[in-house]
Amino acid sequence: MSLGLAGTSLPARTSRTIDAMSAEAARRYTHAEYVALEAASETKHEFHAGLIVAMAGDTLEHGRLQASIASELRTALSQARKPCNVFGADARVFVEESDRSFYPDASVVCGKRQVAFDDPHAMTNPIVIVEVLSDSTEKEGGSRRLTRREGGSAARPSGKKRQSMSQSK
């Protein structure tokens, strides 16, 4: 169980997707309540238009891919002399248009970083968002979920492990 607001608790999740509990039956939270929960929580959660979902742990391979992607992005941006910063999986992103907060595997912000009005720990202006998808995440619709987040497109390089990138508008 994860500690919730005002002594309540949220059920722990073992997947990045919402479990069998239907969206209609789930308690809806405000974004401000989510921000307070995250500040007090030992685990990370995503916020999906009122629903709070605990994030599952990642595999060693997932972590290796995250680090490799962030390193490649840093190198490319540095060589291009772009005034950009690369952020890892602990950097939260908030998309006001879809009322979502999430932790992408990597993200890039060029210029001054902007944060959410009610969450100083969530960026609102990444130009690149990267999600590393496992075969099971992709089967659950992970690439569609990423595409919906920013209205961007998903790219799938060939190879055993697929990586999906979405560039925001």
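Residues are classed by relative accessible area: buried means under 20%, exposed over 50%, and partly exposed in between (1.4 Å probe, protein chains only). The model is predicted; local features need pLDDT of at least 70, side-chain atom pairs count only at pLDDT 80 or more, and totals for chains, interfaces and linings use all residues. Residues are numbered from 1 along each chain as its sequence is written, and side-chain values use heavy atoms, without hydrogens or water.

The protein chain holds four helices and 12 strands, taken as DSSP runs (helices H or I, at least four residues; strands E, at least two) and numbered from the N terminus. Of its 169 residues, 44% are buried.

Helix α2 spans residues 60–79. Its 20 residues reach 29 Å from first C-alpha to last, close to the expected 28 Å (1.5 Å times one less than the number of residues). His62, Leu65, Gln66, Ile69, Ala70, Leu73 and Leu77 of α2 are buried. They lie on the same side of α2 because they cover an arc of only 130 degrees around the axis, taken from the directions from the helix axis to the C-beta atoms. Leu60, Glu72, Ser78 and Gln79 are exposed on the other side.

The largest nonpolar core has 12 residues, among them Leu65, Cys84, Val108 and Val130. Such a core is a set of buried Ala, Val, Leu, Ile, Met, Phe, Trp, Tyr and Cys residues joined through side-chain atoms within 4.5 Å. Two or more residues each come from α2, β5 (84–87), β8 (106–110) and β11 (128–133). Helix α2 gives the largest share, five residues.
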